[in-house]
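Dear colleague,

I am handing over a structure that will be new to you, and it is shown just below. After it I set out what was found.

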Amino acid sequence: MRDPERSFSVFNPATGQTVAEVPDAGPAEIDRAIAAAHRTFGDWSGTTAYRRAELLRDAYALMMERKEALAKVMTEEQGKPLKAARNEVQYAADFFLWYAEEARRIYGSTIPAPRADQRFIVAHQPVGVVGAITPWNYPSSMITRKVAPALAAGCTVVVKPAEQTPLSAIEIFKILDEVGVPNGVANLITTSDPIPVGEAFTTDPRIQKITFTGSTEVGRVLGAAAGRSLKRVSMELGGHAPFVVFPDADPVHAAKGASLVKFLNTGQACISPNRMYVHRSIVEEFTSVLADRVEKLVAGNGLMEGVSVGPLVDEPSVAKVERQVADAVGKGADLVTGGRRLLEGGLDRGFFFAPTVLAGVGEGMEIYREETFGPVAPIVPFDDEDSVLKAANDTRYGLAAYVYTNDLSTAVRMFEGLRFGIIGINDINPTAAAAPFGGMGDSGLGREGGQEGIAEYLETKLGGFSIR
Ligand code: ADP
């Protein structure tokens with residue numbers, strides 16, 4: 001039995017205050033959740049796609065109905081401004097709707113067989129029980145992006161959200177329960193200690209697949225463990241996105257795009273630009289427009305009107321940003337604006353860092369290679385297309401890349417040449433429930449969203465039929 005005393009606190013990163021206490025699951029609860037998912041798999045995978053679609057559509061509708069309350073919970077536990085939280089709730093709900101539609105389109109195929117008396121039929125079936133681990137930066141959408149396709153495919157799931165942001169997860173699971181997803185099909189474990197969950201997901205024979213979104217470091221550990229038991233794996237990990245502005249692009253428009261995408265979620269996104277390569281002929285104008293916009297950003301508690309940038313998630317995150325900025329400035333980068341912790345007006349109770357622009361960033365600085373996950377825009381001047389393509393690709397990561405150009409040929413060459421899973425061409429928001437999201441190299445394995453996203457939860461089965 002669960003010890004009712006065992007719980008952990010969730011903090012508001014803007015104020016340091018406790019928002020709630022949630023149950024702190026241990027090995028017994030983890031085992032119970034896996035057992036429930038295992039027990040219900042047979043029935044759930046046997047429901048019609050029409051029924052599964054209906055439940056997912058209802059979950060979408062209920063999320064929409066509760067949008068404001070869900071957004072508020074997210075802002076309180078994660079810190080992002082309320083407007084951004086509303087956008088995320090919408091994005092999160094979109095996965096329920098999209099996969100409600102996809103559930104009914106899990107098509108198979110027939111293949112001409114080599115013998116006259118033979119028939120080949122290809123069918124897709126759910127992989128089984130799925131263990132999912134999600135991060136704190138997008139507390140709702142990272143859950144629905146896994147749960148919606150898994151349920152649509154006929155899989156049952158056990159989800160462990162990040163310990164910093166379990167409240168959005170709890171609300172989403174309440175919705176699944178209220179719309180009538182059968183008991184035991186979708187299971188939530190909130191815990192302050194992720195390690196036993198990772199161990200169970202990667203070793204328990206009742207689990208067939210693990211899907212993880214988080215750091216490359218943890219992804220590597222889980223991937224290696226899952227490899228030993230040959231479980232199917234999807235991983236969405238870190239990134240180090242290049243943002244390339246060619247001389248034919250409008251530097252004002254590009255700087256506007258840069259300010260919008262870089263400071264989204266206070267830079268705590270795996271698709272956040274981490275190297276802004278700007279052609280030398282326009283770098284001054286780009287930098288000055290970007291700095292003007294950045295200076296107008298208002299950092300603060302996301303629940304307050306007019307706040308455009310929230311806090312970082314915790315103290316080590318602020319310390320990391322501070323270290324990267326100090327390292328860059330020490331090696332010759334120019335601090336254009338920001339560059340310090342924000343402590344005034346009560347911000348010292350949270351984890352705030354001033355939106356920052358660094359010019360003259362180059363190889364050899366930590367920020368040039370290491371993911372920042374914070375509100376710093378590092379600008380790197382470049383001279384020609386070949387060298388910038390090579391520099392942009394010179395990273396272990398391969399998630400998102402952005403290009404600003406009005407030249408069609410440049411756009412095509414960059415789209416084809418960049419070794420990244422998501423390329424925004426004059427577009428800072430190349431994401432949607434309908435579009436495949438995921439990376440190459442150290443950014444992960446597999447795709448989420450789109451048609452590809454449901455394939456991750458399906459096995460392919462070939463039937464060879466001999467007829468007389
Ligand atoms: P971040 O640096 O973004 O916090 P993490 O990879 O540490 O990324 O965390 C992402 C998710 O992975 C969270 O849900 C966290 O609890 C979980 N996690 C962290 N370490 C482990 C581990 N050793 N095993 C399983 N899950 C883990």
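The C-alpha centres of domain 1 and domain 2 lie 30 Å apart, and please keep in mind while reading that this is a predicted model. Domain 1 is made up of two stretches, 7–237 and 443–466, whereas domain 2 covers 241–432. Where the two domains meet, 23 residues of domain 1 are in contact with 27 residues of domain 2.

Turning to the helices, helix 3, which spans residues 67–78, packs with helix 6 at an angle of about 155 degrees, and their axes are 8 Å apart. Because that angle is over 145 degrees, helix 3 counts as roughly antiparallel to helix 6. On the side of helix 3 the contact is made by Leu70, Val73, Met74 and Glu77, and helix 6 contributes Pro166, Leu167, Ser168, Glu171 and Ile175. Sorted by class, the residues of this contact comprise six nonpolar, one polar and two charged.

By class, the lining of the second largest pocket holds 12 nonpolar, four polar and six charged residues.

With kind regards

How values were computed:
Residues numbered from 1 in each chain as written. Predicted model: local features only at pLDDT ≥ 70, side-chain atom pairs only at ≥ 80, totals over all residues. Heavy atoms only, no water. Nonpolar A, V, L, I, M, F, W, Y, C, P; charged D, E, K, R; others polar. Axes fitted to C-alpha atoms, helices over the stretch in contact; angles between N-to-C directions. Helix = DSSP H or I, 4+ residues; strand = E, 2+ residues; numbered from the N terminus. Parallel < 35°, antiparallel > 145°, perpendicular 65-115°, else oblique. Contact = heavy atoms within 4.5 Å. Domains from an automatic or database assignment.
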